[in-house]
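Q: I've got this one open on my screen and would like to talk through how it packs. Can we start with the helices?

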Amino acid sequence: MEAIPVRLPRDLASATGTAGSPTTLRRSASPYRWSEAYPCLYSVNFETALVKLTTDSGLTGWGEAQAPLAPEVACSIVDHLLRPVVLDADFDGTVEGVRGFWQRMYSTMRVRGQTGGFMLDAISAVDMALWDLAGKMAGKPVCRLLAPDGAKTRIPAYISGLPNSSGEKRREAAKTWLGRGYTAFKLFFDSGPETLLPALDDVLSTLGGEGRVAVDALWRFTPTDMIGWGRELDARNALWLEAPLPPEDPAAHAALARAIRTPVAIGESYRTTFELAPFFRERAMAIVQPDLGRCGITEGLRIAAEAAGHGIDVVPHISVAFGPQVAAALHFAAAVPECRLTEYNPLVLDVANRFLQDPLELKDASYLVPQGPGLGVEIVEAELARAAAR
């Protein structure tokens with residue numbers, strides 16, 4: 001069992017306005033910097049945490065935690081708290097076997113207060129690696145373990161983030177992606193409120209009625225201004241309003257969902273059905289966005305099942321990620337009937353593919369779900385080692 005923190009330099013200028021760096025960052029000597037728009041830390045680097053499991057027969061499984069900050073933390077949890085659960089344990093490769101491991105890992109911190117955050121991120125990485133092993137043991141892609149007869153082979157993608165450095169660059173990017181067949185886009189609420197609606201109008205004008213735009217509010221609205229902003233999005237037929245309010249408040253999200261037509265989308269902040277339960281109860285969302293690097297495949301499926309019971313759509317959240325995390329989201333999306341769209345950040349996928357034996361692909365504005373055994377991705381460890389050394 002190996003836990004591998006990853007930290008790679010990136011071009012912050014080109015990454016701003018996309019996953020992991022949605023806003024301009026303040027100047028600082030630290031690699032972790034505050035957003036110019038609201039109080040949140042981001043890294044200037046590309047950071048993630050990988051887990052590699054190896055069986056006594058030599059079979060390997062890869063997993064990944066969503067770890068855009070301090071990936072060493074998730075890796076330390078794997079090394080110290082999850083290792084006793086997994087190391088030297090018998091694994092039969094069944095769906096029930098993977099679920100059993102998830103429950104035992106979750107129970108390692110029972111009554112110690114750790115029901116979310118870094119602990120669940122670490123569990124998700126190991127859970128993902130176990131699913132990868134299970135698929136390889138069965139000789140099947142993970143999506144066919146989850147949905148033997150109904151797994152999709154393609155998932156339509158939306159463009160997550162357009163350049164925020166200038167209106168001209170944003171328009172050029174929107175035209176380019178539209179020309180390649182993409183009709184769904186997401187804008188980040190990345191600066192002052194006075195810029196959001198003009199930027200949205202600019203993109204909509206560029207699309208000329210051929211596409212729709214979601215807005216990621218980055219938790220920046222307040223209960224006093226949320227409905228007015230939501231109705232502005234209603235008038236523009238927004239695809240959805242994502243992360244509108246502080247994530248601790250289900251009642252405020254429910255009030256917003258009742259007051260506007262634009263679908264409210266949340267989910268990346270939560271790692272379990274326990275955390276999401278009050279939001280389901282309050283009917284506080286129309287779209288749930290589980291992040292597989294935070295909830296894992298096992299708990300992601302439970303979240304999707306709960307969503308299906310409430311008539312809620314599922315759109316996986318994909319932020320800074322290497323191949324295992326992106327592939328896990330695709331297999332999950334392929335197996336979940338309520339999922340008809342998946343997040344695509346071109347810069348993230350470009351980095352992830354640099355370290356994959358067989359790159360993840362898109363065709364005709366859709367992801368192609370990997371069809372190899374397990375997650376269908378293998379990390380090129382020599383290339384990863386060279387990049388880490390640099």
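A: Gladly, and please bear in mind that this is a predicted model. One place to begin is a helix pair in which T273, L276 and F280 of α10 meet E299, R302, I303, E306 and A307 of α11.

Q: What classes do the residues of that contact between α10 and α11 fall into?
A: The contact of α10 with α11 divides into four nonpolar residues, one polar residue and three charged residues.

Q: At what angle do α10 and α11 pack, and how far apart are their axes?
A: Helix α10, which covers residues 273-281, and helix α11, which covers residues 292-309, pack at an angle of about 15°, and their axes are 10 Å apart. Angles under 35 degrees count as roughly parallel, and α10 and α11 are therefore roughly parallel to each other. As for handedness, α10 passes α11 in a right-handed crossing.

Q: What's the phi of R283?
A: The phi of R283 is near 55°, which is a positive value in a residue other than glycine. For context, most residues other than glycine have a negative phi.

Q: Which other residue has a positive phi, near 65°?
A: That is A365, again a residue other than glycine, with a phi near 65°. A365 is found in the loop between β14 (362-363) and β15 (366-368), and at 10% relative accessibility A365 counts as buried.

Q: Switching topic: how many residues are in the largest nonpolar core?
A: The largest nonpolar core has 122 residues, and those with the most contacts inside it are L82, V126 and F322. The helix that gives the most to this core is α4, residues 117-138, which contributes twelve residues.

Q: What does F322 touch?
A: If residues up to four places away in sequence are not counted, F322 touches V6, L8, F46, T48, L50, E64, V351, A352, F355, I379 and L384. There is also a second, separate core of nine residues, which includes Y158, A184, A214 and L341.

Q: You mentioned α4; how does α2 pack with α4?
A: Helix α2, residues 71-86, packs with α4 at an angle of about 60°, with the two axes 9 Å apart. The crossing of α2 and α4 is right-handed.

Q: Which residues make the contact?
A: On the α2 side the contact is made by V73, A74, I77, V78, L81, L82 and V86, and on the α4 side by F118, M119, A122, I123 and V126. Sorted by class, the contact of α2 with α4 has twelve nonpolar residues, no polar residues and no charged residues.

Q: And the pair α8 and α9, what are the angle and axis distance there?
A: Helix α8 (residues 226-235) and helix α9 (residues 250-259) pack at an angle of about 40°, with their axes 10 Å apart. The crossing of α8 and α9 is right-handed. From α8 the contact takes M226, I227 and R231, and from α9 it takes A252, A255, L256 and A259. The residues of this contact of α8 with α9 divide into six nonpolar, no polar and one charged.

Q: How about K169 and A147?
A: K169 and A147 are 22 residues apart along the chain, and their C-alpha atoms are separated by 41 Å. K169 lies in helix α6, residues 167-179, and at 47% relative accessibility K169 counts as partly exposed.

Key:
Residues are numbered from 1 along each chain as its sequence is written. This is a predicted model: local features need pLDDT of at least 70, side-chain atom pairs count only at pLDDT 80 or more; totals for chains, interfaces and linings use all residues. Side-chain values use heavy atoms; hydrogens and water are left out. A nonpolar core is a set of buried Ala, Val, Leu, Ile, Met, Phe, Trp, Tyr and Cys residues joined through side-chain atoms within 4.5 Å. Buried means under 20% relative accessible area, exposed over 50%, partly exposed in between (1.4 Å probe, protein chains only). Helices (H or I, at least four residues) and strands (E, at least two) are DSSP runs, numbered from the N terminus. Contact means heavy atoms within 4.5 Å. Axes are lines fitted to C-alpha atoms, for helices over the stretch in contact, and angles run from 0 to 180 degrees between N-to-C directions. Angles under 35 degrees count as roughly parallel, over 145 as roughly antiparallel, 65 to 115 as roughly perpendicular and the rest as oblique. A crossing is left-handed if the near helix is turned anticlockwise from the far one by less than a right angle, and right-handed if clockwise. Ala, Val, Leu, Ile, Met, Phe, Trp, Tyr, Cys and Pro count as nonpolar, Asp, Glu, Lys and Arg as charged, and the others, Gly among them, as polar.
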